[in-house]
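Here's a quick tour for anyone about to set up calculations on this one.

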Amino acid sequence: MPSCIAVRHVAFEDLGVLGPLLAERGYDVSCIEAPLVPLDAGSLVAADLVVVLGGPIGVYEEEAYPFVIGETAAIAARLAARKPTLGICLGAQFMAKALGATVAPGSAKEIGYKPLDVTEEGRAAGLGEFATTPVLHWHGDNLDLPAGATRLAATAPCPNQAFAIGPSILGLQFHIEVDPEKIETWLVGHTVELGKAGLDPRTLRSQAASVGRATAEKGRAFLGRWLDGVAR
């Protein structure tokens with residue numbers, strides 16, 4: 001049975017539609033609460049798959065959140081071994097930082113559903129659906145493209161929305177894993193951020209009701225293909 005470690009930072013930013021996909025493929029999934037349990041680099045490297053999930057902090061906030069230091073080092077060891085790794089939002093930022101790229105606040109927060117500008121390489125990787133189907137954006141930080149990585153998608157506020165290194169290392173700044181039936185947990189969990197950004201939760205709730213299911217269905221298809229490619 002292949003092993004998967006999900007690195008989680010807040011409870012509601014979970015595997016979403018990726019959870020059933022992993023179960024269907026026979027993965028034994030364990031979840032590590034990164035703020036509470038120090039990441040062991042050896043265990044992270046040994047797993048067949050690692051998924052680093054999102055969260056509302058910045059990877060550059062080591063003084064405020066010291067666990068960030070150990071997590072970055074463990075992810076760096078994992079990536080050095082070139083083993084299958086998926087980072088989502090904060091997870092992608094951790095990957096970029098671990099690979100030596102800069103992560104910093106962007107020019108504006110990007111929160112809500114909207115499509116991507118998908119590169120030719122991104123279309124080849126299977127992200128073309130999201131040039132017309134909106135994805136959920138929920139971030140204020142941007143990452144520089146790591147050395148050796150291929151840019152797969154962008155938006156105006158965020159020029160590096162997705163990157164890949166080979167077929168098995170993938171970073172996504174956006175969310176295609178979110179179950180729209182659980183969007184309320186995001187609206188409650190991020191209420192302070194929404195207030196600071198001047199965003200009405202009713203707007204996001206309406207967006208999720210309108211396009212969230214299509215995003216999740218296409219996200220499930222994309223992630224399933226990526227998992228199958230990793231297994232091959």
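What follows goes from the sheet to the helices on it, then to the cavity and the pockets.

This is a predicted model, so a word on the ground rules: local features need pLDDT of at least 70, side-chain atom pairs count only at pLDDT 80 or more, and totals for chains, interfaces and linings use all residues. Residues are numbered from 1 along each chain as its sequence is written, and side-chain values use heavy atoms, with hydrogens and water left out.

**Sheet and helices**

Start with the open sheet: eight strands in the order β2-β1-β3-β4-β10-β9-β8-β6, with mixed pairing. Strands here are DSSP runs of E with at least two residues, helices are runs of H or I with at least four, and both are numbered from the N terminus. Two strands pair if DSSP finds at least two bridges between them. At the edges sit β2 (28–33) and β6 (117–118), each pairing on one side only.

Strands β4 (residues 85–88) and β10 (residues 169–172) run parallel and are joined by four bridges. Here Thr-85 stands opposite Ile-169 in β10.

Helix α4 (residues 90–98) packs on the sheet and touches β3 (49–52), β4, β9 (162–165) and β10; contact means heavy atoms within 4.5 Å. The direction of α4 makes about 120° with that of β4. Angles run from 0 to 180 degrees between N-to-C directions, using lines fitted to C-alpha atoms, for helices over the stretch in contact. Helix α8 (residues 201–231) lies across β3, β4 and β10, at about 160° to β10.

**A cavity and an aromatic pair**

On a 1 Å grid over the protein atoms alone, a cavity is a set of points where a 1.4 Å probe fits but cannot get out; a pocket is an open set with protein on both sides within 12 Å along at least five of seven lines; lining residues have an atom within 4 Å of a point. Points are joined across faces, edges and corners, and a volume is the space filled by probe spheres set on them.

There is one cavity of 30 Å³ or more. Among the residues lining the largest cavity are Phe-12, Asp-14, Lys-182 and Trp-186.

Phe-12 and Trp-186 also turn up as an aromatic pair: their ring centres are 5.9 Å apart and their planes are at 70°, so the pair is edge-to-face. Rings of Phe, Tyr and Trp (its six-membered ring) pair if their centres lie within 6.5 Å, with planes under 30 degrees apart counted as stacked, over 60 as edge-to-face and the rest as tilted. Phe-12 is in the loop between β1 (3–8) and α1 (18–24), while Trp-186 is in helix α6 (residues 183–189), 174 residues apart.

**The spaces compared**

| Space | Volume | Lining by class |
|---|---|---|
| Largest cavity | about 50 Å³ | three nonpolar, one polar, four charged |
| Largest pocket | about 250 Å³ | seven nonpolar, six polar, five charged |
| Second largest pocket | about 210 Å³ | nine nonpolar, three polar, two charged |

For the classes, Ala, Val, Leu, Ile, Met, Phe, Trp, Tyr, Cys and Pro count as nonpolar, Asp, Glu, Lys and Arg as charged, and the others, Gly among them, as polar.

In the largest pocket, β7 gives the largest share of the lining, four residues. In the second largest pocket, the largest share is three residues, from α8.
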